[in-house]
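Hi everyone, thanks for coming. Please have a look at the model on the screen, and then I'll walk you through a few parts of it.

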Amino acid sequence: MRSYLFLLTLALSLGTASAMDRAGADVSMELARTAYTNGEHATALALFDSVGQEWNSAALQLAIGNCHFKLNDVPRAILHYERALLLEPGAEDVKANLELARQRTVDRVNELPRFSLGSSWERWIGGSDVDQWARRSLWLWSLTVVLCVIALLLRRTLRIAGLSLSGLSLAATLVAVFLAAGRTAQVRDAAGAIVLQPRIEVTSEPRAGSTTLFMLHAGTKVELRKTEAGWCEVALANGNLGWMPASALERI
Amino acid sequence: MNRVAYLLTFLAALCGTSLHAQEIAFEAKVDRTAFAVGESIRLSLSLTNAQGNIGHPDVGGLTVVQGPFESSSINFINGQRSSVITRTYMLTATAPGDYTIGAATARVAGGTISTKPIKVHVDKGGGATSDRSLNEGQKRDRDLFVTIDLSKEKVYVGEQVVATYTLYSRYPNLELSDYDLPALNGFWAEEIDIGETNWQEGLRTVNGLQYRVAVLKKQLLFPQRSGALKIEPLRISCIVNRSFFNRGSKVETQSNTVTVQALPLPGAAPQGFSGAVGDLRFEARTDRQSVKANEAIELTLTVTGSANLKLVEAPELELPPDVEHYDPKLIDRISMTGAGMSGSRAFQYLLIPRHEGDFSFGPFTFSFFDVAQGAYRTLSSGPIQVKVEPGTGGGQASIARPSKTDVQVLDQDIRFLRTGDAQLRPKGRYLFGSLAYVLGIGTPALGLLLFGMWRRRSAARSADVDGTRRRKAERIARKRMKEAHNALERNEREPFYAAMTKALQGYFADRFALGVAEMDESTLLERMASSPGGEVLAKEATALIAACEMARFAPLEERPRQQLYDQAVDLIQRIERS
C-alpha cells in the first residue's frame with residue numbers, strides 16, 4: 001500500500017508538473033488498472049484523471065466512468081460514458097455500462113424516436129477514434145495518387161483500367177474526407193451536456209427567479225443550444241426547452 | 001406292598017410266557033393346552049390293556065361342560081389283542097388364568113395307576129369379545145344377537161383396528177337372510193378374507209346360556225381423523241325354525257354401537273412423513289454394485305412390518321443429476337389377517353447412470369409413526385456405492401440429458417475496464433484540419449502534379465519529331481560541311497561533292513520536314529514561301545544542290561569548289577537567321 005502511494009504521488013507529480021509523455025501515460029494507466037482491479041477505486045480515479053488531462057481515448061473515458069460508478073457518483077460516470085461513446089460510437093461495453101448507470105438516475109426522459117441503422121453501422125461510421133476517418137482519407141488519397149501514376153505509365157486498356165481504379169479510389173477518398181470532417185466536427189462541437197447538480201430548476205429565462213418550467217436531476221443528458229452570461233439554454237431529448245445555470249452542467 | 005410285588009411278578013411271568021406286549025398304560029390328554037374364555041377343550045383319559053375303574057379327575061377350577069362320555073375299543077393286530085377304554089370330558093373356563101388339571105387314578109386289578117397333571121392356559125378370549133357387548137346383546141334378545149368388537153378402542157390416527165362382527169344364536173335352525181354393514185365415517189376400511197361364514201365348533205356360554213357362534217365379517221379400520229369415531233350398528237334379519245313343515249319366522253336384530261377414540265399424532269411430523277403408522281423396518285438395496293454406463297440398475301426401497309402399508313408412499317429419492325430414473329414399480333406383499341395388515345411394500349426404481357464414475361445413492365430415509373413408542377421415527381438406509389464403468393456405446397452417448405435450467409441472474413454490474421492498449425491520443429487535437437493532414441493531402445497532390453508536368457513535357461518532345469529535326473538540322477549540316485571542307489583541303493573531288501550534296505539535302509530535309517525523295521524545287525518553294533525572301537532562298541538552294549550533283553558526276557567543273565562551299569555555308573546561315 002505504501003509503495004502504491006509512492007507510485008501514486010510520483011505519477012501525480014509527473015502528471016501535473018510537466019506535460020505527461022506517452023510512456024508516462026502508459027505507466028500511469030497500468031498503475032491505475034491495478035488499483036482498480038484491487039478495488040481501490042479512488043486511487044485509480046486519481047491516476048486515470050491525471051492521464052486524462054493530456055490524453056484521451058474511449059478506453060480511458062470508460063475507465064474514469066467506471067471509477068465514478070464504483071464510487072457511487074453516477075452522474076459523473078454517465079458524463080464519462082457519454083464522452084467515451086462520443087469518441088467511439090456504438091462501443092458495446094460503454095453502452096452496457098451507460099445503460100446500467102442510467103437506471104440509477106431519477107429522470108426518465110423519453111427520447112424522440114431516431115433513425116438508426118444499428119450499432120455496427122454506428123461503429124463503422126464512428127470508427128474506433130476520432131481521427132480514424134482522417135487517417136483513412138490520407139491512405140486512400142495516397143492510393144489514388146499511386147494508382148494514377150501507375151496508370152499514366154501504362155498503355156491503352158491497362159491505362160483505362162488503372163484510371164478507373166484511381167477514380168474509384170478518389171471517390172472513396174472524398175467519402176472518407178467527408179466523414180472525417182463530420183466526425184471531427186461532431187466531437188469538437190459536441191452539444192451534449194450532463195446535469196451534475198442533484199436537482200436543478202429549469203427556467204423560462206436566463207435569470208434567477210423566473211418561471212420554473214421543469215426540474216432536472218443529476219445524470220440527465222441535455223443538449224446545449226445557447227450560452228449567455230453563465231446561463232445555458234438546454235433542450236431535452238423530448239424537445240422541452242429552458243434555461244439553467246452553466247455551473248450545473250458539464251459538457252460532454 | 002408285598003401284594004403289588006407279587007402281582008407284578010405274576011404279570012411279568014404271564015407276559016414272558018404268552019403276552020409280553022400287553023403293557024398297561026393310563027394317560028390323560030387335552031386337545032390343546034391354550035384356549036380362550038368361553039371356549040371348551042376336550043380332556044381324554046385312556047386306559048390301555050386293562051379293565052378298571054377310572055376315577056373322576058380333579059379339573060382344578062375348570063368347569064365340566066359335557067361328559068363324561070365313555071368309549072372302549074378292542075384291536076387284534078398280528079394275533080395280539082389290545083384294548084383301550086377312554087373317558088372324555090368337555091371343559092371350559094370362566095376366567096382367564098393358568099389352570100392345572102390334576103392327576104386321575106384308575107384301579108386296575110387291585111392296584112391303582114395315575115396320570116400326570118396337565119397345565120393349561122386360558123386367554124381373555126381370541127375374539128376379544130368384551131363382556132360388555134355380549135351382555136348388551138344378550139339383554140336385547142336372549143336368543144339371537146350380534147356384536148361388534150374392536151381389537152383396540154384407543155388408537156392413533158392411521159393405526160389399525162380389527163373390527164369383528166359376530167353372530168350368537170340359540171336357535172337350532174337359522175338362516176341368515178340379509179345384513180346391513182354399518183357405514184364407516186372417518187375410517188379407511190380393508191376387508192379381511194375369512195372364507196365362508198360358518199358356525200364355529202363348539203358352543204359358547206354366555207351368562208349360563210349356550211350359543212352357537214359365527215363370525216360374519218372381519219374388517220381392518222384405519223381412522224383418518226382424530227376424535228371419537230362412531231361405528232353405527234350392524235343390522236341383520238334371519239329366518240328361524242324353518243323346516244319341511246314350517247315356513248319359519250323372521251327375526252331381526254342389530255348390534256351394539258362402538259366408538260373408536262382416535263388420537264392425533266403428537267408433535268411435528270418429520271420431513272418425508274407420508275402417513276405410515278405402525279411398526280416398520282426400512283431397507284434400500286440395489287441389484288448390482290457395478291454397472292456399465294447407460295445400463296439399467298434396479299434400486300429397491302422396501303418397507304416391511306405391520307402398519308397401514310397400503311398407504312405408504314414412496315420415499316423421496318435424491319440421486320445424482322446424471323442418473324436417470326423412472327417412476328417406481330410397486331411390489332406389495334401385504335397380508336390382512338385378524339392380527340392386522342402386515343407384510344412389505346417395495347418401490348422398485350429403474351436407474352440408468354449416463355456417465356461412468358463412482359456414484360453414491362442415498363442415504364434414503366423413511367419416516368413413520370411408531371405406535372409402540374408413541375413417537376415418530378426416521379429410518380435411514382444406505383448410502384449405496386455403485387461403480388459405473390464406461391459403457392459400450394461410448395461414455396458420452398447420452399440419450400436424454402438432465403433437464404436444463406436457465407442461468408439465474410443474481411446481480412448486475414458494470415463491465416470491467418478494457419485491457420490492452422488504451423489507444424491514447426493527445427487531448428483536443430484532431431488530425432483532420434491539422435498541418436499534418438494538409439501535408440498528407442498536399443504532398444501526394446504535389447507529387448502527382450510534378451509527375452504530370454514532367455510527363456507532359458517528355459511526351460510533347462517525343463511527339464515533335466519535325467521540330468527535333470529542325471533543331472538538329474544546322475548541327476548535322478555543319479558536321480557534314482566540315483567533312484566537305486576536309487575533302488576540299490585534301491583536294492579530293494568525289495568525297496567533296498558527296499559531302500556537299502549530303503549536307504545540303506540533309507539540311508533541307510531536316511529543316512523543312514521533308515523526305516529525301518520530296519527534295520525538289522516545287523516542294524521546297526511551297527515550304528519556304530511562308531518566310532520572307534523564302535522564294536529566293538529556295539531557288540538558290542535548289543540551284544546549289546543541282547550544281548553539286550552535276551559537278552559530282554559530270555567530268556566538268558563549272559565553278560571552283562571553294563566558291564560552292566562558301567555559298568552553301570552562306571545559304572545555311574541565312575536560312576537559319578531568317
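**Strands, a helix and one leucine**

Let's start with one pair: L47(B) has I85(B), in strand 6 of chain B, as its bridge partner. Before I go on, some housekeeping: this is a predicted model, where local features need pLDDT of at least 70 and side-chain atom pairs count only at pLDDT 80 or more, while totals for chains, interfaces and linings use all residues. Residues are numbered from 1 along each chain as its sequence is written, and chains are lettered from A and ligands numbered from 1 in the order in which they are written.

When I say helix or strand, I mean DSSP runs numbered from the N terminus: helices are H or I with at least four residues, strands are E with at least two. Two strands pair if DSSP finds at least two bridges between them.

Back to chain B. Strand 3 (residues 40–48) and strand 6 (residues 80–92) of chain B run antiparallel, joined by nine bridges. Strand 6 of chain B also pairs with strand 5 (residues 63–77) of chain B, again in the antiparallel sense, over 12 bridges. Here I85(B) turns up again, with S72(B) standing opposite. The hairpin of strands 5 and 6 of chain B has two residues between the strands, and N78(B) takes a positive phi near 50° there. As background, strands of a sheet pair through backbone hydrogen bonds, either parallel or antiparallel.

Elsewhere in chain B, three strands form an open sheet in the order 12-21-18, with mixed pairing. Its edge strands, each pairing on one side only, are strand 12 (154–156) and strand 18 (227–231) of chain B. Strand 18 pairs with strand 21 (residues 258–263) of chain B in the antiparallel sense over five bridges, and I231(B) stands opposite V258(B).

Now for chain A. How far apart are the end C-alpha atoms of helix 2 of chain A? They are 22 Å apart, which agrees with the 22 Å that its 16 residues (22–37) should span at 1.5 Å a residue; the expected span is 1.5 Å times one less than the number of residues. Among its buried residues are M29(A), L31(A) and Y36(A). Buried means 20 or more other C-beta atoms within 10 Å of a residue's own, exposed means 12 or fewer, and partly exposed is in between, with C-beta atoms placed from the backbone. After helix 2 of chain A comes G39(A), with a positive phi near 85°.

Last stop: L168(A), in helix 9 (residues 156–188) of chain A. L168(A) counts as partly exposed because it has 14 C-beta neighbours inside 10 Å. L168(A) and T144(A) are 24 residues apart in sequence and 8.2 Å apart in space, C-alpha to C-alpha.
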